[in-house]
Amino acid sequence: MNNLPEPVRVVQLPDGTPAYSDRLPASYQPADAVPQVIHVHQAPPDRTVQRLALGSGVGAGAVAAGVYFGPLLVGVLTAIAANLALLALVASVCAWGVVTVVKSVSDTKTARKRR
C-alpha cells in the first residue's frame with residue numbers, strides 16, 4: 001500500500017557525466033538492466049507542473065487556482081477579442097459609409113458647378 005514513487009538516484013553515464021535516474025538519455029542502458037518496453041498507456045504521468053509548483057514552495061491552493069483561473073482567463077481574453085473584432089467591423093462599415101456619402105456629395109457639387 002505504498003504509493004510513493006521510487007527515490008531519484010544519481011548515476012554515472014558511460015562518458016563520465018552524472019545524471020538523475022529519472023532523466024536518463026534514451027540511448028543509455030545500465031549494464032545490469034534488461035531492456036524494458038513501456039507502452040504509452042502504461043507510462044507514468046508527467047509531473048513537471050506539480051514538481052515545479054510544489055517544489056518552489058507554492059501550495060496546493062495556488063495550483064488549484066491556476067487550474068481554475070487558467071481556462072477562465074482564456075475565455076475572458078477570447079470574449080474581449082471577439083468584442084474588439086466586432087467593434088472594428090462596425091467602425092470600418094461606418095468609415096465606408098462616410099466616405100461614400102462625402103464622395104457622393106462632392107460629385108453632386110461638382111456636377112452643379114458645371115451647369
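**The nonpolar patch**

Mentor: The protein exposes about 10500 Å², with carbon and sulfur atoms supplying 66% of it (Shrake-Rupley method, 1.4 Å probe; for residues, only the protein chains shown count as cover). This is a predicted model, where local features need pLDDT of at least 70, side-chain atom pairs count only at pLDDT 80 or more, and totals for chains, interfaces and linings use all residues. Residues are numbered from 1 along each chain as its sequence is written, and side-chain values use heavy atoms, leaving out hydrogens and water.

Your patch covers about 930 Å² and is made by Tyr-68, Phe-69, Leu-72, Leu-73, Val-76, Leu-77, Ile-80, Leu-84 and Leu-87. Patch residues have over 30% relative accessible area and no salt bridge, with nonpolar side chains joined within 5 Å and like charges within 9 Å; a salt bridge puts a Lys or Arg side-chain nitrogen within 4 Å of an Asp or Glu carboxyl oxygen. One member, Leu-73, sits in helix H2 (residues 60-114) (helices are DSSP runs of H or I, at least four residues, numbered from the N terminus). H2 has the highest mean pLDDT among the elements, 88, on the predictor's confidence scale from 0 to 100.

The whole structure holds 1 aromatic pair (ring centres within 6.5 Å; planes under 30 degrees apart are stacked, over 60 edge-to-face, the rest tilted). Tyr-68 and Phe-69 form that pair, edge-to-face, 4.9 Å centre to centre with 85° between the planes. Tyr-68 is exposed at 55% relative accessible area, while Phe-69 is partly exposed at 48% (buried is under 20%, exposed over 50%, partly exposed in between). Of the protein's 115 residues, 4% count as buried.

Note on methods:
Helices (H or I, at least four residues) and strands (E, at least two) are DSSP runs, numbered from the N terminus. Rings of Phe, Tyr and Trp (its six-membered ring) pair if their centres lie within 6.5 Å; planes under 30 degrees apart count as stacked, over 60 as edge-to-face and the rest as tilted. Buried means under 20% relative accessible area, exposed over 50%, partly exposed in between (1.4 Å probe, protein chains only).
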